[in-house]
Amino acid sequence: MSELNRRLIAALALAGTALGLQVAGPAQAQEAKSGLPEIVVTAQRREESVMKVPISMATFNADIIEKNQIQEVQDYVTRSANLSISEGATRSGNVSTSSQGLSIRGISNVGGDSSSYGFYVDDFNVTRVTRNPELVDVSLIEVLRGPQGTFFGRNASAGVISVTTNKPDEHLGGDVALQYGSFNNLEAQGTVNVPVSERVMLRASGKYAESDGYADNTMSGVGGDNGYEHKFGRLALRMLPTDAITVDLTATFSDEEQDDLGLIPTGVYVPGAIGGFLCSAVSPDCPHDTEDGLYPENRDRYRHNNPLGVEDDFQLYTANIVWRGDAVTFTSVTGYIQSDFHRDGELDMGSRDIVNEDFEDIERSSISQEFRLQSSGEGRFDWIVGGIWARDKHDEIESINFGTDQDTLDFFGVFPHFIIELSTVDREIESKALFAEGTWHATDRLSLTAGARWSEDEIDTRETKIDFESPLAPQGASESWDDVSPRFAATYAVNSDINLYATVAKGWKSGGINLELTTPEAPVNLFEPEELWNYEIGLKMTALDGRIRGNLAGFYIDWEDVQVNSSRLIVRDDGSIASVAGVSNGAKAESKGFELSIEALPHPNLELGFNAGYLDTEWKDFKEARTGFGEFDLTGQPLPKAPELTVSADAQYNIEFNSTWGGFLRAEYSYVDELYYD
């Protein structure tokens, strides 16, 4: 289990803004005094008040993002009920399959090639390339809990995170922000908006961040503290060819470098993993590297003879075209993203030169085209139909060798730089989907919704591998899976301030291929899709002339055929060693709980917020769970990354010095209960 994690942050900030850019003027102040500002979302692919959407969701508009200093995924996850994340050693979260492990209502990526949640930027799915883009010049973040297959699809069984960036407008302006903190943390970012003409506008934003890192490598003459350098830029163009057509083009670039992962020794080794296997096999005094102490007494020192460095960059291009007619709206979303990832250094995470990764190079890319046609205007029936085509590619090459530690070489009877693994993986996934949903406003108070999405994923994967200097036969296979996922919802407006809703939705995650487990008797070893059903009821209300806003939701999730990753080093009958990894089905699980969020404006200058989530998760049938410690019956145990209780609260008091200058006093608190990470 993880350490009980509590965080209490109190912040005092004075913010001066230039006249004409971000002025806390009389009009804005008057709006705040009349009640909480309305939050408009696009969770159902149309702009509407968050209070009318039959989805349990957390929303962060530009004002909330600025007040909470939200800069990456961890910042808003900790402020969202029933969400948890295992922070990666790097910002990108691409270091390993467990990095940036996100859980929504206890549903996470326990295994498989696809993600159980979707991550979208400006309606384009970037999940397979990045799950933590820089939040620079962002207008809205929407965290949607539960399956969102109808509108977002592509394996979004746990939920969706949707980020919307600011678009160019007709105003000339910009902003600059600078921050400096402990460990020489330096951040600088800025935005400029330029109207070229009445129908053409440009917007540019960028960010630079660097740090020495919080942890020190105590190996003499090696260096490699866990510092970093991040660069980010976005250029956006908006064109208005006619009054009915809007064209938005964006180009985004990111470059991230991490000096070392800075992993603090705990003295705990998983027997089936590389570090545990080699440590226990070679060193009678395992664990080693205790000179600086073990966690938690030691929190900022480690001994790495060959620091594991990471470089990760991506480029993202999107083209969104919207045509608005009198009765219908047509939308086209085109996107392409590509990332290049490189990692090299030690894998034993110690002072001895036991095992190293010479290199791991991964190129990921995603391209998709989506079309949507939907009703517009007021009427008794709202509808939307659409389709999407997408292709994801993953090309990887990795080399892992023994080092020069003589005890290790003698124990295994090998020579320096003996190849442990040299492998290549080429995977391509082609996805197609059609979706439709309609809402019938039966009365002024009652609305009924039904929708469905047909999806098909076709996977083609190839692999070559050398295991312990022994070439294995090349492997390759292709397979496809399809599914129909329905969604039903009913909403009832008790009055203008209270809305009730109930939803039933299916979530689906496509299957995959275990190339490493193929045999002559079973030339294609498959793992099947997993699916879940989410049952939810909720209440959304406002009170006291809009000065209090609250949301309450309860849910039950039935999760079947859960895909589970497992890997280990094994010794074959002939004495040779092999690394074996695969995905299996068969596990069943359930999750139930509730989410509560409250916002209040008790005084024109005082803003309060509170979020709480409760989870009760359980493996219903998991009798042969394969772990690094062997096989266990985990039936009745909680799911990984599923804390029972999550709580966050904030309070802010605003001070107006005059019509131009202002400040605020702010306090924040967040709590995440204990949990299993794996």
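Asp212 sits in the loop that links strand 13 to strand 14 (216-217). In this predicted model, Asp212 is one of the residues that form a negative surface patch. Here is a short tour of that patch, of a nonpolar one, and of the chain that carries them both.

**The negative patch**
- Alongside Asp212, the patch takes in Glu210, Glu257, Asp259, Glu311, Asp344 and Asp358.
- Asp212 has a relative accessible area of 43%, so this residue is classed as partly exposed, the class between buried (under 20%) and exposed (over 50%).

**The nonpolar patch**
- Leu172, Val192, Val194, Val196, Leu202 and Leu235 together make a nonpolar surface patch of about 510 Å².
- Within that group, Val196 lies in the loop between strand 12 (185-195) and strand 13 (200-211).
- Val196 counts as exposed because its relative accessibility is 53%, and the cut-off for that class is over 50%.

**The chain as a whole**
- Your protein chain contains five helices and 36 strands.
- Among its 678 residues, 49% count as buried.
- The chain exposes about 30100 Å², with carbon and sulfur atoms supplying 55% of that area.
- Looking at contacts with a separation of 6 or more, 67% are between residues 24 or more positions apart.

Notes: Residues numbered from 1 in each chain as written. Predicted model: local features only at pLDDT ≥ 70, side-chain atom pairs only at ≥ 80, totals over all residues. Heavy atoms only, no water. Patch = residues over 30% accessible without salt bridge, like charges linked within 9 Å, V, L, I, M, F, W, Y side chains within 5 Å. Areas by Shrake-Rupley, 256 points an atom, 1.4 Å probe, with all protein chains shown as cover. Salt bridge = Lys/Arg side-chain N within 4 Å of Asp/Glu carboxyl O. Helix = DSSP H or I, 4+ residues; strand = E, 2+ residues; numbered from the N terminus. Buried < 20%, exposed > 50% of the residue type's maximum accessible area, 1.4 Å probe, protein only. Lys, Arg positive; Asp, Glu negative; His and termini not counted. Charge placed at Lys NZ, Arg CZ, Asp CG, Glu CD. Contact = heavy atoms within 4.5 Å.
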